Amino acid sequence: MSRRRVLALAKRIVHQFRRDHRSLFLLIVVPIIVLSLLGWIYRGSARSVTVAVVDQGSSPLAAQIVQGLQQDGTVKVRQMDAAAATSAVDRGDVDAVLTLPADLKVTLGAPPQQIQLTLEGSDPGTTGTVLAALNRTLPQTIVKAVSPAGLPIQLAPVFLHGGPQFDQLDYFAPVFIGFFGFFFVFLLTSVSFLRERMEGSIERLIVSPLSRGEIVLGYVLGFALFATLQSVVMVLFAVYVLRIHYAGHIGLVFLFTILLTLGAVNLGIFLSTFARTELQVVQFIPIVIVPQGLLSGIIWPIAALPRPLQWLSDVMPLTYANQALRGVMIRGDGLASLWVNVTVLVGFAVLMVVLGTSTLRRETA
Amino acid sequence: METMEPVETVIDAQDVTRRFGDIQALDGITLRVPRGVIYGLLGPSGSGKTTFIRILAGALRASSGTVTLLGRPQPSRANAAHIGYMTQTAAMYPDLSLRENLEFFGALYGLEGRRLSERIEEIAGEVGLGDRLAGPLHTFSGGMRQRASLCCALLHEPDLLILDEPTVGLDPVLRRAFWDRFRRLADVGRTLVVSSHVMDEAERCDVLGFVRDGRLLASDSPAALRQLTGQTSLEDAFLVLAGEPAAIAEGGVR
């Protein structure tokens, strides 16, 4: 094993990358664009849902309900007369019509009064937003009308992790960092290794003093550099620009993304042996990447999956990386509670190094 | 580079065969190549030249038989540093400059620092690419790429050069330049194996091996082959040895 030869190979990969602006864009800029989009989706103001309020009598309670709805902030409130509201909801200009009766007041012991809510109803998301806003504000407002202190018994949430500000982006950003690392590095290594074979340069490498192990190591080193760069950029962007929730040690985030991408480099080398064209490399994506995207707990928690799918999750490297990344970033886990994840990811990387090296050996057989 | 006892026989191939599935690409090739000669492997495309060359270079294993290079069995890592290999394709990195390509391959052979950069200037200058070192290879023409590939094979001053159709597609001027260079290398004690399917290149070799259907039909000097077959042209000599003397009367087939 010659350090000089391994470094020469790693250096060549760096040179090639520097020239290859598309791949650099894919590796560095695309994840940032996707993370920004996610941030926008989860945190940007949603398409506003509008509720038309038809106040038939200007009772004090009606005014309080309107005020409560406005303060809730999830729906826009527009006061209208009954006829205008009916045609507006019909046209879809407003999403619901809340009709507050003239004699609206709280009378304890009397039979319940009804407030009519007419929903446009064709979009379950919008319907849900309207109902949720009313279900939050109505009880509060009604109780306040009787007792100014509000609800006599209130929930006092205590968060072990996360917090009241913790949102979807905080939950998804850590695993997206792992997923992008794995996906892009896998794609770039397998294509780059395939090119080596297509251009015939692999033949020169095999005939040279370079050993198979040195080839794999040089590739790992060269790509690990860019994988590290990618994860540094993504983590810094997520933490300092998107301001995602972040509890653990930043070094651990890098450790897990790098361990994962080391596996991805060697998986790329290994699988590129079974491809003859770039299209065939792309054909591996539905087999290698998509199932891991679905089953590694990115979107659906593994515990919620049917039992046989959980078994599949258990053999996927991304599962262990995702668990660790969420653990570190959300709960602030340390190495002590993540050693299983480290072991599995190291094991996967080693297994792929062995497989990658052995397929290179086939090259001369 | 380590010092070695002068070995008279640089290549010793014994009964080399190679099968790819059902296809018998090489069928018992035995030949010896002494130091300082240009050995020409001639034969039509598909005759097994490239397979044999790849086995010599250590890129492929023989199905049976042995190859000894410089006194060591091939493939062997110890041989690698003493071999310069040029494949039919350029087999370099199109997005890197010529200098970066040569720096990479040079480093694999243990060249570094001043020595490496001097060697790169020298070798690129010799093939007329001295002013193109900074250019990426994908901007090179076919002939320039072939010269770049030759640079790559010569960079580490190997004892044995294995060149697979190095002159294919070159214009006559360049082709002559290539052969003049081969001759000068042989004159200083380097050994060359050059494959070709162009018969007029045969004349420039010291020893010729005629290959057809994976078999070595004959292996001797051009003069001896003419004498053996009673033909004046090497092309006709090949046809006689290939058992198709009738083709000569019809004006020669390749």
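Arg190(B) touches Asp159(B), Leu161(B) and Leu185(B), leaving aside residues up to four places away in sequence, where contact means that the C-beta atoms, placed from the backbone, lie within 7 Å. This is a predicted model, in which local features need pLDDT of at least 70 and side-chain atom pairs count only at pLDDT 80 or more, while totals for chains, interfaces and linings use all residues. Residues are numbered from 1 along each chain as its sequence is written, and chains are lettered from A and ligands numbered from 1 in the order in which they are written.

Arg190(B) sits in the loop between α6 (172–187) and β8 (191–196) of chain B; helices (H or I, at least four residues) and strands (E, at least two) are DSSP runs, numbered from the N terminus. Arg190(B) counts as buried because 21 other C-beta atoms lie within 10 Å, the cut-offs being 20 or more for buried, 12 or fewer for exposed, and partly exposed in between, with C-beta atoms placed from the backbone.

Elsewhere in chain B, four strands form an open sheet in the order β2-β1-β4-β5, with antiparallel pairing; two strands pair if DSSP finds at least two bridges between them. The edge strands of chain B are β2 (23–34) and β5 (72–73), each pairing on one side only. Five bridges join β1 (residues 9–20) to β4 (residues 64–69) of chain B, and Gln14(B) has Thr66(B) in β4(B) as its bridge partner.

Finally, consider where the chains meet. The contact takes 24 residues from chain B and 21 residues from chain A. On the side of chain B that touches chain A, α3(B) gives the most, with five residues.

Conventions:
Contact = placed C-beta atoms within 7 Å.
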